[in-house]
Amino acid sequence: MALAVVFGLIERYTSLLLRLKERAAFFSSISIFNKILYVGFVVVFISMRNYSYFAMIIPAALSYVITAAAGFFAEWRFWTTPSKKTKQLQESTVPAKMFFAYSLPFIFAQYLDYGFSHIDRIIIKTFMSPEALGIYGAATRIIVFLYMLKYALNLCWSPEIFKQNAEGAKTGKIIKEMFEIFSFINASAIIAVIAGLNVFMLLFGHRYAAVRDIAPLLAVVPSMMLLTTISETGINLAKKPLYHLLVGGLICILQAVLACVLIKIWGLRGVAVANAAAAIAMMYGKGIASYWLTGAGCGLLRSAPVFIAVLIPVLANTFWRPQLWLNLLVALTAEVIVIIIYHSTALRLCHSGINIFQRVITKKIRTHLNVIL
């Protein structure tokens, strides 16, 4: 077990360098490769009739070793022939007390993040049946693409914003622009979930009504957590990680209390409401803390009407349950309101999309013409 932890730590360092050097494609490739290796080694051990815990630990250690080696050889020049900047970094010293004072809160913050992600399932398992937990899990899988978007932003955002901050860029402007872009994308994605589920119900009947009722509310959670990645940037830039513990701890308590109360009133819908409310509170709480520390806002006030416009069809879908065509109409009205509020952002995204499409088409036409000629 200790070896698996050590190898995992080494693998984390080699992959961290890939993130800092913005080699996103290679980083993603070795991350996927690590999971494939792990599953492959587990299958090998089980086929050898080894059913002990070693069948889980040794494959983890082996997959870490191989992917750490891949990360090392991908940047072997950095590790073997340090540049001038690297030598300066190695020669610089950070007092141990300062290092631990900064990094220690992040350890507990990770436990709070883990608790935030699992409190809902623990409460459902405690107060409801395994069938209810299965329905909740099925609803979560429907909106898995939003979790993938959140994961992708987590990988890229921190290295990039710290790089921009070190170069003296106006990080406040960057944070605000990114927050508006992803607010628009997330609001549209939640509305798309509502519309898609209602179209699905029109085609296949009401057998999936339980999933339809809670999936839009659950879609709010990864959307708000993605925006939290941006809104909490001021806390990280100000190097005040204790605010992560303060805000995160209060929100986890709020989530647990709300879930325990609302599950007895509305069942699964109550847990989904508690989860969504906690995610919104987390985003706003960390955004306010960032503004308090740095004075740089991310547009929380401007985003409030957008989130209200989105929550109306979400809550209508969950509690009011109007006719399906009326649900679609409410969702489309909310999307129009979102576009009106973020019209400049929507136009910019459309313009960027058209430019990318034109470049791809032009490149393919040139390739085909070269082949013909």
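Visitor: How do the axes of H7 and helix H8 sit, and at what angle do they cross?
Guide: This is a predicted model. In it, the axes of H7 and helix H8 (residues 144-166) come within 4 Å and cross at roughly 55°.

Visitor: What do you call that arrangement of H7 and H8, then?
Guide: Oblique: H7 and H8 are therefore oblique to each other.

Visitor: And which residues in H7 meet which in H8?
Guide: From H7 you have Thr140, Arg141 and Ile142, and they meet Val144, Phe145 and Tyr147 in H8. Sorted by class, the H7 contact with H8 has 4 nonpolar, 1 polar and 1 charged residues.

Visitor: How many residues has H7, and how far does it reach?
Guide: H7 covers residues 130-142, which is 13 residues. From its first C-alpha to its last, H7 reaches 19 Å, close to the 18 Å expected at 1.5 Å a residue.

Visitor: Which residues in H7 are buried?
Guide: Ala132, Tyr136, Gly137, Ala139 and Thr140. Looking down the axis of H7, its buried residues fall within an arc of 160°, so they line one face of the helix.

Visitor: Which H7 residues are exposed on the other side?
Guide: Over there, Pro130, Glu131 and Arg141 are exposed. Arg141 is also one of the H7 residues that meet H8.

Visitor: Why do residues three or four places apart point the same way in an α-helix?
Guide: An α-helix has 3.6 residues a turn, so residues at that spacing point the same way.

Visitor: New topic: Thr345. Where is that residue found?
Guide: Thr345 is in helix H16, residues 343-372.

Visitor: Buried or exposed, that Thr345?
Guide: Buried, because Thr345 has a relative accessible area of 0% and the cut-off for buried is under 20%.

Visitor: What does Thr345 touch?
Guide: Not counting residues up to four places away in sequence, Thr345 touches Glu180, Ile181 and Phe184.

Visitor: How about Phe33, where's its place?
Guide: Phe33 belongs to helix H2, residues 24-47. At 37% relative accessibility, Phe33 counts as partly exposed. Leaving aside neighbours within four places in sequence, Phe33 is in contact with Ile66 and Thr67.

Visitor: And how far apart are Phe33 and Ser63?
Guide: In sequence, Phe33 and Ser63 are 30 residues apart; in space they are 8.5 Å apart, C-alpha to C-alpha.

Visitor: Zooming out, how many helices and strands does the protein chain have?
Guide: The protein chain has 16 helices and 0 strands. Of its 373 residues, 39% count as buried. Among the chain's contacts between residues at least 6 apart in sequence, 79% join residues at least 24 apart.

Methods
Residues are numbered from 1 along each chain as its sequence is written. This is a predicted model: local features need pLDDT of at least 70, side-chain atom pairs count only at pLDDT 80 or more; totals for chains, interfaces and linings use all residues. Side-chain values use heavy atoms; hydrogens and water are left out. Helices (H or I, at least four residues) and strands (E, at least two) are DSSP runs, numbered from the N terminus. The expected span of a helix is 1.5 Å times one less than its number of residues. Buried means under 20% relative accessible area, exposed over 50%, partly exposed in between (1.4 Å probe, protein chains only). The arc is that of the directions from the helix axis to the C-beta atoms. Axes are lines fitted to C-alpha atoms, for helices over the stretch in contact, and angles run from 0 to 180 degrees between N-to-C directions. Angles under 35 degrees count as roughly parallel, over 145 as roughly antiparallel, 65 to 115 as roughly perpendicular and the rest as oblique. Contact means heavy atoms within 4.5 Å. Ala, Val, Leu, Ile, Met, Phe, Trp, Tyr, Cys and Pro count as nonpolar, Asp, Glu, Lys and Arg as charged, and the others, Gly among them, as polar.
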